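Please examine the structure shown below. The questions that follow concern its aromatic pairs and its helix contacts.

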Amino acid sequence: MEENQSWLRKALLFIGGQSVSMFGSSLVSFAIIFYIAAETESGIMLMIASLCSFFPSFIATLFAGVWADRYNKKYLIMLPDLFIAFATLVAAISFTLGYKEIWVLLAVNACRSLGSGVQNPSIPSFLPEFVPDGQLMRINGIHSTISSFIDLLSPAFGAVLIKFAPLEFIFYIDVVTAVIGCGLLFLIKSEYKPKIFESKTTILSEFKEGLLYVKSDRFIISILFYAMAINFLANPVSLLLPLRITEMFGKDPIYLSGAQMGLSIGMLVAGIFISVKGNFKRPMLSMSMFIVFVGIGEIMYGVALPFMVLIIVSVMIGITMVGFNTPFRTIVQSRVDKDKLGRLFSFTSLISSCTIPVSTTVFGLLSDIIAINYIFIGAGLAISIVGVTMMFNKTVQNGQE
């Protein structure tokens, strides 16, 4: 009983700390983009802000996986959070003193991206150090539930704060939430010592070792391939959905807001379900079916639908996305050697980072050539086929046996 309380206490401290920190970060991310858009009314400035949020994280992730396997993951989560908080505090003081230049916000975006890139592999690879394999699915489900809840509420909170308070006030909130999050995380005592810590090998050689490890496991290669295909083919949901809804219902923002809330509610429902249920009996088969339903949802986006039906479809897609992502993360956490988990999650972050820009470019260009509803139908058919092939892929389906 004492042992159960020990890991559960650590898991709750971890989730609590991450949730508090994530809430502050979500507010700032929303506020910065809104402020830049309102002050500059420039698409180029928004593009620069997006690049500042992307490239530092991408570069840091190349090294962060090896660091996560070498060093104490707790501090690789805490120190970047404090670095981000310090950069945000500098920006808050700058705006408080009246120096409100856009380049300050771009610099903050870059610092936040750099810190996130260092954190990304450590966050999911830290949980298996103290959570038993049999409880990982449930804990990941709880984490996903809270993340979805924050995603649902933070834009509304951000909009209210921007309307009634100066931007620097939101920055100060983020500094406070970061300190609270780090304080909760500091209370977790991790006993795990990476095997690789004693090695004198270089970061490059350890990165290559991680690649060879992935290459040697056909199951891991297969699910990484499916994850990449889904990231690519599901991108129209975030990229082109605003245009599709405008085509169907006009420019009233209530329609787009309804669809986005449907996605968030679906993710929230799925997270709660997984938190209660715990492990799936056949996780790979369940994931395959969820992929098929993501495809069906995309196809339905391509069909003219009444607004209430579209919201239901959005809820379904939100459920199925979490239904794939949470078991995927759990399977990786429980299957991969703990001294290589950081590099594995680094690879998944890099795959996602590379796939999304390519997918955005491809579907963005196609949207000027092909009707948007056909893009949704085509991408939906393709993703359903991916799900069916995964369902009958013996390497994948037998990988957990």
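Q: Is F58 buried, partly exposed or exposed?
A: This is a predicted model, in which local features need pLDDT of at least 70, side-chain atom pairs count only at pLDDT 80 or more, and totals for chains, interfaces and linings use all residues. Residues are numbered from 1 along each chain as its sequence is written, and side-chain values use heavy atoms, with hydrogens and water left out. Buried means under 20% relative accessible area, exposed over 50%, and partly exposed in between (1.4 Å probe, protein chains only). F58 has a relative accessible area of 21%, so the residue is partly exposed.

Q: How is the aromatic pair of F54 and F58 classed: stacked, edge-to-face or tilted?
A: Rings of Phe, Tyr and Trp (its six-membered ring) pair if their centres lie within 6.5 Å; planes under 30 degrees apart count as stacked, over 60 as edge-to-face and the rest as tilted. The centres of F54 and F58 are 5.8 Å apart, with 25 degrees between the planes, and the pair is stacked.

Q: How are α14 and α15 oriented to each other?
A: The axes of α14 (residues 307-335) and α15 (residues 341-366) come within 10 Å and cross at roughly 150 degrees. Angles over 145 degrees count as roughly antiparallel. Therefore α14 and α15 are roughly antiparallel.

Technical notes
Axes are lines fitted to C-alpha atoms, for helices over the stretch in contact, and angles run from 0 to 180 degrees between N-to-C directions. Helices (H or I, at least four residues) and strands (E, at least two) are DSSP runs, numbered from the N terminus. Angles under 35 degrees count as roughly parallel, over 145 as roughly antiparallel, 65 to 115 as roughly perpendicular and the rest as oblique.
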